2 protein chains.
Amino acid sequence: MASKPSIPKGTRDFSPVEVSKRNYIIAIMRTHFENYGYQPIETPSFENSDTLMGKYGEEGDRLIFKILNSGDFFDEKLEFNKKLLLKLNNIIGQSTKELLRLFTEKLEKNQTGFLFKNEIDENFTKDIIEKNIYYFELKTRNLKLVSVEDKKIILKLFNDEILTYVKIIKSFLVSYDFDKSNLYNEVVENNSFERLINDIVTSIFYKNQRNIKFPNVIAPLISEKALRYDLTVPFARYVVQHQSEIEFPFKRYQIQPVWRADRPQKGRFREFYQCDADVVGSTSLWQEVELVQLYDAVFAELGLHGVTIKINNRKILSGIAEVIGASDKLIDFTVALDKLDKIGEEGVKKEMLEKGISEEALVKVQPLFNFTGTIQEKIAKLSVLLSSSEEGMKGVEELRFICDNVSKLGLQKATLDLDVTLARGLNYYTGAIFEVAAPEGVAMGSIGGGGRYDDLTGIFGLPNMSGVGISFGLDRIYLVLDELGLFPETVTTATKVMFLNFGETQSFEVMQTIQKLRVANIKSEMYPDAAKIDKQFKYAERRGIPFVVKEISNGLFTLKNIISGEQVQVDFSTLSTTLK
Amino acid sequence: MASKPSIPKGTRDFSPVEVSKRNYIIAIMRTHFENYGYQPIETPSFENSDTLMGKYGEEGDRLIFKILNSGDFFDEKLEFNKKLLLKLNNIIGQSTKELLRLFTEKLEKNQTGFLFKNEIDENFTKDIIEKNIYYFELKTRNLKLVSVEDKKIILKLFNDEILTYVKIIKSFLVSYDFDKSNLYNEVVENNSFERLINDIVTSIFYKNQRNIKFPNVIAPLISEKALRYDLTVPFARYVVQHQSEIEFPFKRYQIQPVWRADRPQKGRFREFYQCDADVVGSTSLWQEVELVQLYDAVFAELGLHGVTIKINNRKILSGIAEVIGASDKLIDFTVALDKLDKIGEEGVKKEMLEKGISEEALVKVQPLFNFTGTIQEKIAKLSVLLSSSEEGMKGVEELRFICDNVSKLGLQKATLDLDVTLARGLNYYTGAIFEVAAPEGVAMGSIGGGGRYDDLTGIFGLPNMSGVGISFGLDRIYLVLDELGLFPETVTTATKVMFLNFGETQSFEVMQTIQKLRVANIKSEMYPDAAKIDKQFKYAERRGIPFVVKEISNGLFTLKNIISGEQVQVDFSTLSTTLK
């Protein structure tokens with residue numbers, strides 16, 4: 001290999017110093033996670049695709065790294081073709097039946113003809129589009145679905161796509177000598193094939209027969225596994241799979257890498273660690289109280305003072321939506337409100353009006369435009385504002401419980417603040433929402449976040465399991481600590497003392513000494529080769545090794561402090577204590 | 001999702017107890033790695049395919065997990081087809097030129113006709129087969145390449161495969177409307193296509209035009225990344241990539257998971273940890289001495305006594321091969337000799353003769369059939385046996401240095417033994433070879449291994465870097481410790497004390513107390529809900545929490561030891577000391 005080797009974009013090598021610093025942060029997290037009763041679990045790096053796909057929305061699905069089936073997929077092309085053929089055969093078989101049923105139904109109702117033409121306008125509702133039909137979303141991703149004209153464009157594309165699939169399938173069939181089979185003659189040669197596939201796809205997408213996902217025919221045949229995308233879904237899967245072995249409430253922490261096929265950029269990687277603590281199976285708000293304390297404990301021990309733990313509650317947000325009479329505009333509202341600092345009250349109001357929020361609504365939520373004061377004052381304002389919303393008031397009570405108790409128990413170094421614009425994880429959180437901001441003056445996004453989701457494990461068939469958890473952003477915490485110079489000097493794993501190598505005659509005595517030092521847990525080594533003394537000294541310097549033993553003579557060691565230049569002659573006992 | 005979720009075969013979830021036990025082992029390894037001057041690095045979970053492919057032999061390539069390109073490969077089928085077409089086009093273009101050149105050359109020499117027929121027997125040498133031509137090895141994997149008859153069988157298979165590729169390519173071309181293009185008409189319609197491809201493949205494989213790897217056309221288009229297969233190749237890549245930042249000799253350790261698409265079975269997983277310590281850039285044999293001490297130090301602290309560290313040297317094996325006059329029969333010889341315990345001297349000799357090792361050779365190596373005694377005695381025997389082999393004698397000297405120094409420095413709990421049948425990593429090790437056997441009586445294969453390879457980084461363009469290293473088998477060490485009951489009781493991360501929950505009025509006082517205990521690093525928690533007392537007690541019991549605080553009254557705590565049933569009333573200070 002001629003060119004210098006490299007690593008995939010978005011991934012990183014970690015040098016000894018970096019690993020040591022990362023492990024320092026992780027060790028502190030572990031200690032506090034465990035003090036708080038959280039227990040470690042680990043899950044496999046890859047999960048069955050079924051476990052992950054469809055759990056993170058369309059964008060998430062796209063960003064999941066898929067793994068090719070078994071190591072030797074490409075060596076078994078023929079086997080693959082056989083499998084594909086069987087699958088296609090199966091689909092054609094099933095769908096022909098379904099198609100016949102549909103046609104029969106239509107005939108009975110005196111409706112005939114090409115399914116497309118008659119049904120599209122009836123069934124082509126926004127609802128169908130939104131219901132996450134994989135294939136359909138694919139084609140509509142970049143199109144605004146508004147006008148009848150647009151719908152026609154989509155249908156055209158859709159149709160083209162079908163024809164392409166037909167061609168691909170046909171060609172696969174040919175490549176497997178399928179053109180000599182009976183089925184091929186039946187459906188392909190008499191020209192009913194295009195029509196058949198067209199109708200299959202139509203019946204699948206427009207009749208909601210989602211158990212047959214035509215465009216996913218090939219994918220599962222060559223990829224059935226995918227790399228972990230976050231720690232929450234694998235945790236939910238773990239809880240359901242091991243429910244009989246687990247005592248609930250179950251407090252677990254997990255520190256493992258996740259992978260996302262995101263476009264790499266500064267501070268965004270394709271492989272990065274998540275550090276999560278979650279409890280599942282309890283609705284007690286004491287968990288939220290504890291999680292705030294846990295954030296505080298970790299950041300305090302890291303020496304990172306001035307962190308702000310922002311809290312909000314999904315029920316507050318829902319309450320606001322209720323009050324402004326537009327639940328569907330909640331996100332627009334929150335996004336706009338979040339810009340208050342930047343564009344001022346008038347700017348925010350202008351944006352809200354543009355998004356279709358009414359003048360009356362703005363009057364009602366006027367207090368939010370001047371939402372300052374202590375947490376108690378903010379809660380008081382909210383309980384007036386949301387008095388007409390049952391859900392909103394429930395949110396207020398939850399916030400009050402959490403904030404009051406956190407305040408009475410006291411935090412070491414962090415500050416808790418109520419931020420009604422905090423809308424992180426709006427799609428899944430149902431109660432508390434957390435986000436941690438780095439100390440003021442450090443240009444860094446959030447360094448942690450979390451919240452409560454009432455139905456954590458429902459997706460895997462275990463309903464009504466409430467979960468609440470927080471996550472620490474290891475990479476960003478690392479950057480903040482580095483920027484503020486908060487890593488202790490002792491964090492590196494560097495060797496404490498190096499013995500010069502004067503050749504084989506003295507080496508044995510050196511190794512004997514080193515052996516004794518190591519038993520005393522003093523990191524020590526001998527320069528392995530009898531190189532020039534200068535070179536050996538430089539090596540120690542560059543490695544950051546603070547002490548060098550220059551000579552051993554009559555049981556006395558000439559110990560040089562490389563930094564100060566100081567040099568002493570000591571016996572073993574003094575050597576050992578000096579280095580300890 | 002109706003069915004209970006599961007994880008991919010060959011992968012594992014780790015429960016809290018399992019994670020704690022694994023971390024206990026890892027922490028001990030880390031401590032000793034660092035005491036010995038090894039520094040941690042970490043590399044990405046996936047590497048560029050180029051970095052890994054071709055480094056582990058044909059079988060290894062097959063077992064590497066490949067990752068599909070970018071998250072949305074399957075959403076871009078048309079784009080993919082375009083790329084494929086371009087690539088094919090390119091190959092056809094290049095190869096047509098090459099083909100023309102070949103034909104011209106032949107015409108000039110008055111040779112015409114189908115390339116296969118005339119060239120095969122000339123060029124079909126063992127050399128070509130062995131030179132790791134991916135495609136060719138694939139087809140010959142299960143065939144012994146001996147007779148002319150066999151060669152014909154291979155050619156037949158080879159030809160069939162070409163025809164299959166021709167079909168697949170044709171069908172792809174059709175699927176992309178390529179059948180309407182000029183090139184298609186030129187080459188496909190006038191029936192020259194099959195011949196063309198055939199000739200392309202012939203020219204590629206028989207003319208050694210390896211820059212065009214026809215059978216790998218599709219793979220790189222959909223997969224350019226692969227999961228780490230071991231830690232050695234990524235380490236070599238790391239060293240070359242970061243050579244300017246590294247001080248050599250570079251002692252690094254690395255504890256990370258690796259993935260292999262192996263058939264899962266008892267004790268063999270598709271995801272497992274490797275724990276490696278290597279030093280690169282020094283040929284000093286003191287490294288080997290240290291690595292033996294390092295094994296001993298780790299196993300001693302794990303309480304695992306009676307481990308045998310087996311050592312051998314590649315040069316000894318080469319020397320034996322030289323002495324028996326059959327370097328190509330080295331593996332047969334070693335495999336047979338390794339059966340001495342099971343089938344006895346006569347059995348071994350019979351097998352060796354069958355493998356083509358001569359009677360005279362057996363006479364020469366007779367001492368190996370009674371190869372017992374101390375290491376010193378074994379070395380003495382070897383230096384007689386190998387006196388005529390320069391390389392063999394070099395191996396003897398290396399072994400002597402390592403074993404003498406290990407013996408003089410002394411091991412804590414392990415035993416060093418010389419085992420001439422040890423042939424681990426015969427393909428890459430060039431000096432010392434190590435393998436660690438679990439204590440007698442424990443049915444477990446090797447729990448560690450390693451060796452020296454003179455040219456670790458040559459594959460990445462940095463020649464003459466000698467490396468030596470060892471690996472610890474985390475999973476097997478875990479099983480051995482578990483079987484022998486060697487995990488300390490304190491290893492689990494379980495909570496030390498749980499406070500009963502009597503409802504909101506008392507909860508605050510409980511949380512205040514817990515807060516103070518946690519500051520003192522005492523793992524403590526409150527049962528989060530005011531459930532029935534019975535349920536709360538059972539929860540503590542099942543979680544293995546040893547202490548429960550039943551009541552707080554006037555600053556006194558009623559503390560119950562769940563195991564002994566003993567119950568005391570204590571103040572906070574006594575509570576804290578009792579739990580410490």
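Two strands are taken to pair if DSSP finds at least two bridges between them, and strands themselves (E, at least two residues), like helices (H or I, at least four), are DSSP runs numbered from the N terminus. The structure is a predicted model, in which local features need pLDDT of at least 70 and side-chain atom pairs count only at pLDDT 80 or more, while totals for chains, interfaces and linings use all residues. Side-chain values use heavy atoms, leaving out hydrogens and water; residues are numbered from 1 along each chain as its sequence is written, and chains are lettered from A and ligands numbered from 1 in the order in which they are written.

In chain A, eight strands make up an open sheet of mixed pairing, in the order β1-β5-β6-β11-β10-β9-β7-β8. At its edges lie β1 (39-40) and β8 (415-418) of chain A, each pairing on one side only. Within the sheet, β6 (residues 271-280) of chain A runs antiparallel to β11(A), joined over six bridges, and A:Asp278 stands opposite A:Gly469 in β11(A).

A:Ser466 sits in the loop between β10 (446-453) and β11 (467-472) of chain A. A:Ser466 is buried, at 6% relative accessible area (buried means under 20%, exposed over 50%, partly exposed in between, with a 1.4 Å probe and protein chains only). The side chain of A:Ser466 makes polar contacts with those of A:Arg452, at 2.8 Å, and A:Asp454, at 3.4 Å; such a contact is a pair of N or O atoms within 3.5 Å, where, within protein, one must be able to donate a hydrogen and the other to accept it, and residues adjacent in sequence count only if both atoms are side-chain atoms.
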